[in-house]
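Me: Hi! I have a structure open here and would like to talk it through. Could you help me find my way around?

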Amino acid sequence: MKTQTEKIEYAIQKDDERRFRYIPLEIPDNVETIEIKPSYTGDEANSNVTDQAKNVIDFALLDENGDDLGSSGSNMRKIVISSSFASDGYKRRPPHGTWQIIVGCYQVKDSGATAFYDVTYIFKEFRYLKGDIHTHTTNSDGKYTVLHLAQKAKKKGLDFLFITDHNNSTEDLAIPLVEGLTIIEGLELTNYDGHINLLGVKKPYNGSYATVTLAELNEKLGQAKRNGAMRVLNHPFCFMNPIDYNIDDVDYDGIEIWNGPAVAKEMIAAHWWQKKLEGGARIPVVGGSDYHHDYYITDLLASPTTRVRCDCNDKQTILTAIKNGHCVITRSPTSTMIDLRCSGYSVGDTVKVKGSETVEIIVSNMKKKHKLQVFSQKGLIHEYTNKSQKDYVYSTQVVGDGFVRAQVVYEKNFIGKLLHKAVLRTLSAEEAKKPIPELLYAITNPIYFVKS
Ligand SMILES: [Zn+2]
């Protein structure tokens, strides 16, 4: 991440004692996070005011309107503020405009004091943020509290986490602040005819979840949209809890193409989606682990991981990027990644084409025997089975309207298939009898092209 550091030194005289002094902080444009490390001379560890000759200099911050952003006395040595996180005692804010440091000269030696402020600006920058879009907590049938789940997510290297409990909104739920992890509200509208994630709002609808008809369901979904939620049809082709309506009749924004451990339903969803894309539809897809708890040695959180391309880790930026399809879904936070690039554009973008354009499909950390498949509006246009290399790049020319997307699939080995069937058998004897198809390991949203 691009950073800029400023070192401020401020001289304090005996006369300043019991007074407040102010230092303006002109925040540059496009800052995502600000870090301030205050310190001062004559800081004798125990910062209580005593009758001994020592310095006690308090720290506080004012925002661009002159309102208190927070204060931390004289002991705190690092303060971090962004829209998604703030150190204890401070408010979350996007850093911009002119802020002010309050130099609280509580106790000053006769010889004076010098205060130091190391200010680091961390700039917005496009990158892939990793997260899980579908998780459950003790707010419904999950094992962990939001805080415990958030700590697990942070340990796994995630940048964001959606809380999507069954029919329980986060309206009354305390959402903790965890540095480096953006926790986003959601709710999984769960009915007997389908499960639908309503992402990004504390309370997506009024009244009850309990709907029976399609008209009632669409009325709730309409409310959720007006309240700013993204509406994602979860595991639409699951053999246990599918969307029971004709999908075209449901009011939605996106599809959960990958839900939990990859099985046949992901390939059915990918095939359905491809046909829709070929017909000119633009439907963003996401993945979610649907995490409730682990079984024995499993590690199911963020499996799959949705990687969202955005320039800031605040809630609204992440949500908007997901709505616009700037996502790649991978098996885990560290597994094979596919990126699409075309003249500075990437997944979810629309490129205006004059003549022709070249799209690069960049696969990194690819496993042996795994297969890359590249699709366009004409269907499957390229296939490559990996023999040994870790990274693979494929380029293709685009002319006129259309799209390019990519996925990596693999076939389980003999033992893997036995285990797969054993697990399926515990859920459905019928499902376990079916042959196991190639399974999803990574999938991108498309990059779209319009003839100009
Ligand atoms: Zn769920």
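**A walk through the chain**

Reply: Happy to! Of the 452 residues of the protein chain, 40% count as buried. Keep in mind that this is a predicted model.

Me: Thanks. How many helices and strands does the protein chain have?

Reply: The protein chain has six helices and 26 strands. Its C-alpha atoms fill a box of roughly 85 × 50 × 45 Å, taken along the principal axes.

Me: And what share of the contacts with a separation of 6 or more comes from residues 24 or more positions apart?

Reply: That share is 68% in the protein chain.

Me: Let's move to the sheet with β4. What is the strand order there?

Reply: The order is β2-β7-β4-β5, in an open sheet of four strands with antiparallel pairing. At the edges are β2 (19-26) and β5 (68-71), each of which pairs on one side only. From one strand to the next, the twist averages 25°.

Me: How many bridges join β4 to β7?

Reply: Seven bridges link β4 (residues 56-62) with β7 (residues 98-107), and these two strands run antiparallel.

Me: Which residue in the turn between β4 and β5 has a positive phi?

Reply: That is G66, with a phi of about 85°. The turn belongs to a hairpin formed by β4 and β5, with five residues between the two strands.

Me: Nice. Changing topic: which residues of α1 are buried?

Reply: In helix α1 (residues 146-155), the buried ones are V146, L149, A150 and A153.

Me: Why are they on the same side of α1?

Reply: Because they cover an arc of only 100° around the axis, they end up on the same side of α1.

Me: What covers the buried residues of α1?

Reply: The cover includes three strands: β9 (127-132), β10 (160-163) and β11 (182-191).

Me: And which residue just after α1 takes a positive phi?

Reply: Look at G157, where phi is about 85°.

Note on methods:
Residues are numbered from 1 along each chain as its sequence is written. This is a predicted model: local features need pLDDT of at least 70, side-chain atom pairs count only at pLDDT 80 or more; totals for chains, interfaces and linings use all residues. Two strands pair if DSSP finds at least two bridges between them. Axes are lines fitted to C-alpha atoms, for helices over the stretch in contact, and angles run from 0 to 180 degrees between N-to-C directions. A residue is buried if 20 or more other C-beta atoms lie within 10 Å of its own, exposed if 12 or fewer, and partly exposed in between; C-beta atoms are placed from the backbone. Two residues are in contact if their C-beta atoms, placed from the backbone, lie within 7 Å. The arc is that of the directions from the helix axis to the C-beta atoms.
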